[in-house]
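Please look at the sequence and the structure shown below. Some questions and answers about them come after.

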Amino acid sequence: MRFKTIIEPFKIKVVEPIKFTTEKEREEILKKAGYNVFNIPAEDVIIDLLTDSGTNAMSSKQWAGIMDGDESYAGSKSFYRFESVVKKITGFKHVIPVHQGRAAEKILFSIVAGPGKYIPNNTHFDTTRANIEFVGGNAVDLPIPEGTQPDVWHPFKGNMDVERLEKFIKEKGAENIPLVMLTVTNNSNGGQPVSMQNIREVREVCDKYGIPLFLDACRFAENAYFIKKREKGYENKSIFEITKEMFSYADGCTMSAKKDAFANIGGFLAMNDDELALKARNVLIVTEGFPTYGGLAGRDLEAIAQGLEEVLDENYLVYRIRSVEYLAEKLIERGVPVLIPPGGHAVYLDAKKFASHIPPEQFPGQSIVVELYRVGGIRSVEIGSVMFGRKDKETGKFIPHTMELVRLAIPRRVYTQSHIDYVIEVITEVHRNRDKLKGYKIVWEAPILRHFTARFEPID
């Protein structure tokens, strides 16, 4: 294009008012919520960057599809449209709808995982890890070294360490590894993309040992865009062509349609294995619903099908990725430490550097999350030792997470540049006064996925 300004490839048709609160009011809200922003009512949040999952603005065609949804219990036309679109993009033989991505994980791992089983991944996200461990399995992260270093630039920091993967398979035995998984993009490692070469190399290792490869594909289109922009040989290929090749190396996938499909709910489990699909559908019927609706209304299936087609639009992806880059660039200009390069769906603050005086066991990321809400009403999420830290079972010693991050996840088609400029101002203000940040301690936690419901107190 002639012009440098990248505009939103859409017009705003419906708006939702934002409720403004004062800092004094937010202090009381935080106390009531146990200093956990998950416990804060959404209406008390000014800018909500907690997650990009299910928080997207749907298009006029998606809303039109909702009105046209077929609510038949079995064999609705909405399911067949949904199935057709998923098959067109992924090429998988079996498509099983579920109410969201973690339901796909629950079904898959309840069948293949269990005690003595290992699931390698570039980096598992929280619900994936929880569903593996819930049935007694072992979730194993094998990122490349650059993937755990926030200030090191690498075009594909989401890649899996292929040498470590093969070594791990030899050590544990292929018979104890029911599948290998790749998360695209790699959320826990900063929303970082996985290269096509890495997907191919992981596939080759899996073939060598007869192990299936699955993708956690909730941000597949964003990953494909990074491949187009950063990997030689793909610059002239369409996003659809790139996604087709990505899925061609896999035997199946889990998908949360609440991300790259723009939907507010939904997902699917897809695969080529007939026997595994039969088992999955049996579990689905018990836990989710009939195989042609899987816990979703027909209108949701319509919205997902339409969203999956819309996300392949390169004009949208240019705008999407550039919007995230804009936030990262402005923060870097102001001296705020962020994970580089910025990911596809979020900017990640490097909490270790941001609040270097707070040790990992006092959760520096959580301290920043609390302060962003207190100062500016911005809701974000800690991805560090609150989410992934643990105590050693034998010694009781605290084992911090590899990185201490704060994720600012950008909902799709929701906020304008002025909203993001406000976010930049607030973060800059908190960073300017970072020496005043206090550590936090957990006063109550659940045994699984504690970060959703834990309660904290500041350490004086």
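This is a predicted model: local features need pLDDT of at least 70, side-chain atom pairs count only at pLDDT 80 or more; totals for chains, interfaces and linings use all residues.

Residues are numbered from 1 along each chain as its sequence is written, and side-chain values use heavy atoms, with hydrogens and water left out.

Q: How many Å does helix H7 reach from its first C-alpha to its last?
A: Helices (H or I, at least four residues) and strands (E, at least two) are DSSP runs numbered from the N terminus. H7 covers residues 196-209, which is 14 residues. The expected span is 1.5 Å times one less than the number of residues. For H7 the expected value is 20 Å, and the reach is close to that, at 20 Å.

Q: Which elements are included in what covers the buried residues of H7?
A: Buried means under 20% relative accessible area, exposed over 50%, and partly exposed in between (1.4 Å probe, protein chains only). The buried residues of H7 include Met196, Ile199 and Val202. Their cover includes helix H6 (162-172), strand S5 (180-183), strand S6 (213-216), helix H8 (220-230) and helix H9 (239-248).

Q: Which residue in S6 is the bridge partner of Thr183?
A: S5 and S6 run parallel and are joined by four bridges; two strands pair if DSSP finds at least two bridges between them. From S6, Leu213 and Leu215 point one way, while Phe214 and Asp216 point the other way, and all are buried. The partner of Thr183 is Asp216.

Q: Which residues touch the most other members of the largest nonpolar core?
A: A nonpolar core is a set of buried Ala, Val, Leu, Ile, Met, Phe, Trp, Tyr and Cys residues joined through side-chain atoms within 4.5 Å. The largest one has 63 residues, and those touching the most other members are Val180, Val202, Phe220, Met246, Phe268 and Leu308. H8 gives this core its largest share, six residues.

Q: Which residues is Met246 in contact with, leaving aside its neighbours within four places in sequence?
A: Contact means heavy atoms within 4.5 Å. With those neighbours left aside, Met246 is in contact with Val184, Met196, Ile199, Leu215, Phe220, Asn223, Ala224 and Ile227.

Q: Which residue in S14 is the bridge partner of Tyr348?
A: Strand S9 (residues 346-350) has five of its five residues buried. Ala346, Tyr348 and Asp350 lie on one side and Val347 and Leu349 on the other. S9 pairs with strand S14 (residues 405-409) in the antiparallel sense over five bridges. The partner of Tyr348 is Arg407.

Q: Is Phe262 buried or exposed?
A: Phe262 sits in the loop between strand S7 (252-256) and strand S8 (267-271). Its phi is near 65°, a positive value in a residue other than glycine. Because its relative accessibility is 0%, Phe262 counts as buried.

Q: What is the omega of the peptide bond from Val184 to Thr185?
A: Most residues other than glycine have a negative phi, and most peptide bonds are trans. Thr185 is in the loop between S5 and H7. The bond from Val184 to Thr185 is cis, with omega near -10°.

Q: How far apart in space are Thr55 and Lys259, C-alpha to C-alpha?
A: Thr55 is in the loop between strand S1 (47-48) and helix H2 (60-67). Thr55 and Lys259 are 204 residues apart in sequence; in space, C-alpha to C-alpha, the distance is 8.3 Å.
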